[in-house]
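User: Could you take me through this structure? I have not worked with it before.

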Amino acid sequence: MNHSKADLIYSSPQNKIKDFSFDEQVVEVFPDMIKRSVPGYSTIIETIGRLSQTHVANNTNVYDLGCSLGAATLAMRQNITAENCHIIGIDNSSAMVERCKNHINAFKANTPCSIIQDDILNITLKNTSMVVLNFTLQFIEKDKRQQLLNNIANGMNKGGILILSEKISHNDDICQDLLTDLHHDFKRANGYSDLEIAQKRTALEQVMKPDSLDTHQHRLSEAGFSRATTWFQCFNFISMVAIK
């Protein structure tokens, strides 16, 4: 896989900070950005691969919704042992989809894989044993999040799993501040300046709107998942597994 460029998008002062988007500029530096911004990202990707080994059933579909450059798609493709499966990765960013296809095609694997440019809210899922929403739901409009989870549950076979990774907000302000400070320290330790941290935060303010853990659990239950648990947390980043 190509080594990405260093993320310097917010390193110079910007007069007007535009809303964050997954455009060509972000695609160029995305692996570096994720590695330096999201604690535990590699652990989450590895675990998605491991879960696909044990939970993807023969003759079913697997979806990576908001697949970006295909890290989770690749992890599943390299680990799925079930037969006659199909992985479908979907992202609404043309720049992401184009680059993702290159990454997927660079690896030979038995499980066929389709990468599609579309809005994940338009997708009807069918005969599904595993779905990944890896830091995707937080970019969907809040009033559409329940409907998306309903759609996922409706297209999922009994016993199927959803991996939901998100940055969460805390209902308690003091705890929220503590987790935010720890995350900012993590970014500083990875070479981001205070300017970069502040400018990116501004860029994301109107685009990425996190929910509390309680909200996520309530939505999953409403959608028809029988159980859900948080399997990973580092600071204000979590990953949950929900079972249909």
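This is a predicted model: local features need pLDDT of at least 70, side-chain atom pairs count only at pLDDT 80 or more; totals for chains, interfaces and linings use all residues.

Analyst: Residues are numbered from 1 along each chain as its sequence is written, and side-chain values use heavy atoms, with hydrogens and water left out.

User: How many salt bridges does the count come to?

Analyst: The count comes to eleven salt bridges. A salt bridge here is a side-chain nitrogen of Lys or Arg within 4 Å of a carboxyl oxygen of Asp or Glu.

User: What does Arg99 form a salt bridge with?

Analyst: Arg99 pairs with Glu24, and their closest N and O atoms are 3.5 Å apart. Helices (H or I, at least four residues) and strands (E, at least two) are DSSP runs, numbered from the N terminus.

User: Is Glu24 buried or exposed, or something in between?

Analyst: Glu24 is partly exposed, at a relative accessible area of 42%. Buried means under 20% relative accessible area, exposed means over 50%, and partly exposed lies in between (1.4 Å probe, protein chains only). The areas themselves come from the Shrake-Rupley method with a 1.4 Å probe, and for residues only the protein chains shown count as cover.

User: Moving on, which side chain meets Lys142 in a salt bridge?

Analyst: The partner of Lys142 is Asp211, at 3.1 Å from N to O. Asp211 sits in the loop between α7 (194–204) and α8 (213–223), and Lys142 in the loop between β4 and α5 (145–154), so this pair ties together parts 69 residues apart in sequence. Asp211 counts as buried at 4% relative accessibility, whereas Lys142 is partly exposed at 42%.

User: And what about Arg145?

Analyst: Arg145 also forms a salt bridge with Asp211, with the closest N and O atoms 2.6 Å apart. This pair links distant parts of the chain, as Arg145 is in helix α5 and Asp211 in the loop between α7 and α8, 66 residues apart. Both Arg145 and Asp211 are buried.

User: Now the backbone. What is phi of Ser68?

Analyst: Phi of Ser68 is near 45°, a positive value in a residue other than glycine. Ser68 lies in the loop between β1 and α3 (71–79), and Ser68 is buried, with a relative accessible area of 12%. Asn127 likewise has a positive phi near 45°. Asn127 is in the loop between β3 (113–117) and β4 (128–134) and is partly exposed at 36% relative accessibility.

User: What does Asn61 touch?

Analyst: Leaving out residues up to four places away in sequence, Asn61 touches His86, Ile88, Lys126, Asn127, Thr128, Ser129 and Met130. Contact means heavy atoms within 4.5 Å. Asn61 is part of strand β1 (residues 61–65) and counts as buried at 18% relative accessibility.

User: Last topic: which residues form the negative surface patch?

Analyst: Asp172, Asp173, Asp177 and Asp181 form the patch. Patches are made of residues with over 30% relative accessible area and no salt bridge, with like charges joined within 9 Å and nonpolar side chains (Val, Leu, Ile, Met, Phe, Trp, Tyr) within 5 Å. Lys and Arg count as positive and Asp and Glu as negative, while His and the chain ends are not counted. The place of a charge is taken as NZ of Lys, CZ of Arg, CG of Asp or CD of Glu. Asp177 is found in helix α6 (residues 173–189) and is partly exposed, with a relative accessible area of 45%.
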